[in-house]
Amino acid sequence: MKIEKIYQKIKRYTDSSIQTRMIKNFGLIMAVTIAVLEIMIISVIYNYYYGGVEQILKDRVTLTAEFLNKSSNYSSSYDKAKTLLGMSMSSFENKFLVQFIDSDKKLIIDSNGFSDNIEVNTPDVEAAFQKKIFLYRGVSSSTGEKILAASRPLIRYNTTDGVIRFVVSLEKVDTEIKSFVIASIVLCMIIVGFFLFTSSLISTSIVEPIKKLNSTAKEFAKGNFNASAEKIYNDEIGQLVDTINFMANEIKNTEKLKVEFVSSISHELRTPLTSIKGWSETLQMSEGYMKDSDVATGLNIISAEAERLSIMVEELLDFSRFQSNSMKVIKKPVNIKDVIFQVYRQFSNKRANISLKCDLKGEDTIINADENRLKQIYINLVTNSIKFTKEGGEIELIAIGYEDKIVTVVKDNGIGIKAENLPHITEKFYKGTSTMPGNGLGLSIVDELVKLQDGVMTIESEYEVGTKITIVFPAFKEEVLENDEILEDINGEL
């Protein structure tokens, strides 16, 4: 099971890498090609060596048999053996074993001088008695060597009186072939290794620019359009690099225009909204104001909508500040429990149909943060919870202080967030559906503010069950001066 998992991991890795696939595919083609060539070469060498030995053996036994049959036509097989062996046998030494066999297939004598009267009943001998030639390949019964043998008939008075047999050992031939095969395999492995090395260099020259381009594209995906793809070669990939860099510059310019437009429009909307809200509140406090009249209803709506638009405009301004990296936080030691309690008091009487609870536990941990931005964070989270919690629901504000950190939680039992929307909930302008209220900036701004103040935010939610947002801030640690020389100087002055 573990081996299968390891194999699957390796397969996924090799399938996901262009360089690995290139080396694997070209290496496979090269290996198969060289293997086929190796088989063909070995076959040619095998046939060359064995074919040469076979031809020499057939020629030698045929010429010798013809010579004996012509020169000693009326002599017996034994006499022919004596005649041949009495001549110079230097040409046979260490090359062939010559055997003379009588008509009963018994060994008369051989070139080594042995005469064991043993029966030799091999296929080549049988073929010789039938005046045919057959090459026998087998194992010697006396030495255990691989041998090749050929036999021809010895004629006396036009009848076969015996057989002359030439035997050659194949051990040296096999050794030669084996040495060649090993040498050729080593050579092939060197060729394959060299090919894999060169193909690796070639694939690297193709893949490395793609990797760098991919890395730059990831930076673009994160919104960092200041990154630039490096152009290495003036080829198709180089042209792609130019195109992507041009696209990034265009997107950066478009983003800049968008941020400037949002900032400009937000600032322009602030003044009329302030006037609308101010005059609606002034009219509500005038002497002729009647609470139950249609005019009062209209003024209430105008005031509420102006307030809602003001919040949206502030969010757009914050968004433009984040985009232009001009958002500032003035950090100082803050007791975050006090901030959370203030937010709780602010909202405790706004919605009587929703229960708002505050639970402050643990130590009074001090953090280094901007108090106003902290309020903005928790006001935004509580506002969201109120917006998406039905009547009779419950919202909890929790803070648990520790020595090194403080954990804060905003928890509700509202409509929750669908699982497919949860990973995108902090993205700018993201809304689960177009019918949801708001502009999709609230949680993204909260996330940015938390990060600016060294915090970490996590969101847990289940649809139709509720949402839990946890923010953890590290405790504030005062820097302690630990310079012995300065302390000694101070002590000396005192």
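This is a predicted model: local features need pLDDT of at least 70, side-chain atom pairs count only at pLDDT 80 or more; totals for chains, interfaces and linings use all residues.
Which are the buried residues of helix α3 (residues 77–86)?

**View 1. The buried residues of helix α3.** Helix α3 spans residues 77–86, and its buried residues are Ser77, Lys80, Ala81 and Leu84. Looking down the axis of α3, you will find these buried residues within an arc of 100°, so they line one face of the helix. The helix lies across strands β1, β2, β4 (146–156) and β5. Compare the directions of α3 and β1, and you have an angle of about 160°.

**View 2. The antiparallel sheet of β1 to β5.** Here is an open sheet of five strands, in the order β2-β1-β5-β4-β3, with antiparallel pairing. At the edges stand β2 and β3, each of which pairs on one side only. On average, neighbouring strands of this sheet are turned by 30° against each other, direction ignored. How many bridges join β1 and β5? These two strands pair in the antiparallel sense over six bridges. As a reminder, the strands of a sheet pair through backbone hydrogen bonds, either parallel or antiparallel.

**View 3. Thr159 in strand β5.** Strand β5 covers residues 159–169, and Thr159 lies in it. Is Thr159 buried or partly exposed? With a relative accessible area of 45%, Thr159 is partly exposed. A polar atom of the Thr159 side chain lies 2.8 Å from the backbone oxygen of Arg156. Look also for Phe129, which is 30 residues from Thr159 along the chain. The C-alpha atoms of Thr159 and Phe129 are separated by 9.8 Å.

View 4. You will find Lys105 in the loop between β1 and β2. Lys105 counts as buried, at 18% relative accessibility, because the cut-off for buried is under 20%. Leaving aside residues up to four places away in sequence, Lys105 touches Ile118, Glu119, Val120, Asn121, Glu126 and Phe129. With Glu126, Lys105 meets in a salt bridge between side chains, at 2.2 Å from N to O. This pair links distant parts of the chain, 21 residues apart: Lys105 is in the loop between β1 (97–102) and β2 (107–110), and Glu126 is in helix α4 (residues 123–129). Glu126 counts as partly exposed, at 27% relative accessibility.

View 5. Asp124 forms a salt bridge with Arg165, and their closest N and O atoms are 2.8 Å apart. Asp124 lies in helix α4 and Arg165 in strand β5, so the pair ties together parts that are 41 residues apart in sequence. Asp124 counts as buried at 0% relative accessibility. Arg165 counts as buried too, at 5%.

View 6. The structure holds ten salt bridges, and one of them joins the side chains of Arg137 and Glu54. From N to O, this pair comes to 2.6 Å. Distant parts of the chain are linked here: Arg137 sits in strand β3 (residues 136–139) and Glu54 in helix α2 (residues 18–71), 83 residues apart. Arg137 is partly exposed, with a relative accessible area of 39%.

**View 7. The mixed sheet of β7 and β9 to β12.** Another open sheet of five strands has the order β7-β9-β10-β12-β11, and its pairing is mixed. Which strands stand at its edges? They are β7 (355–362) and β11 (456–462), each with a single partner strand, so one side of each is left without a neighbour in the sheet. Neighbouring strands are turned by 10° against each other on average, direction ignored. For β11, follow the pairing with β12 (residues 466–474), which is antiparallel and runs over seven bridges. Ser461 stands opposite Thr467 in β12.

How values were computed. Residues are numbered from 1 along each chain as its sequence is written. Side-chain values use heavy atoms; hydrogens and water are left out. Buried means under 20% relative accessible area, exposed over 50%, partly exposed in between (1.4 Å probe, protein chains only). Helices (H or I, at least four residues) and strands (E, at least two) are DSSP runs, numbered from the N terminus. The arc is that of the directions from the helix axis to the C-beta atoms. Two strands pair if DSSP finds at least two bridges between them. Axes are lines fitted to C-alpha atoms, for helices over the stretch in contact, and angles run from 0 to 180 degrees between N-to-C directions. A polar contact is a pair of N or O atoms within 3.5 Å; within protein, one must be able to donate a hydrogen and the other to accept it, and residues adjacent in sequence count only if both atoms are side-chain atoms. A salt bridge is a side-chain nitrogen of Lys or Arg within 4 Å of a carboxyl oxygen of Asp or Glu. Contact means heavy atoms within 4.5 Å.
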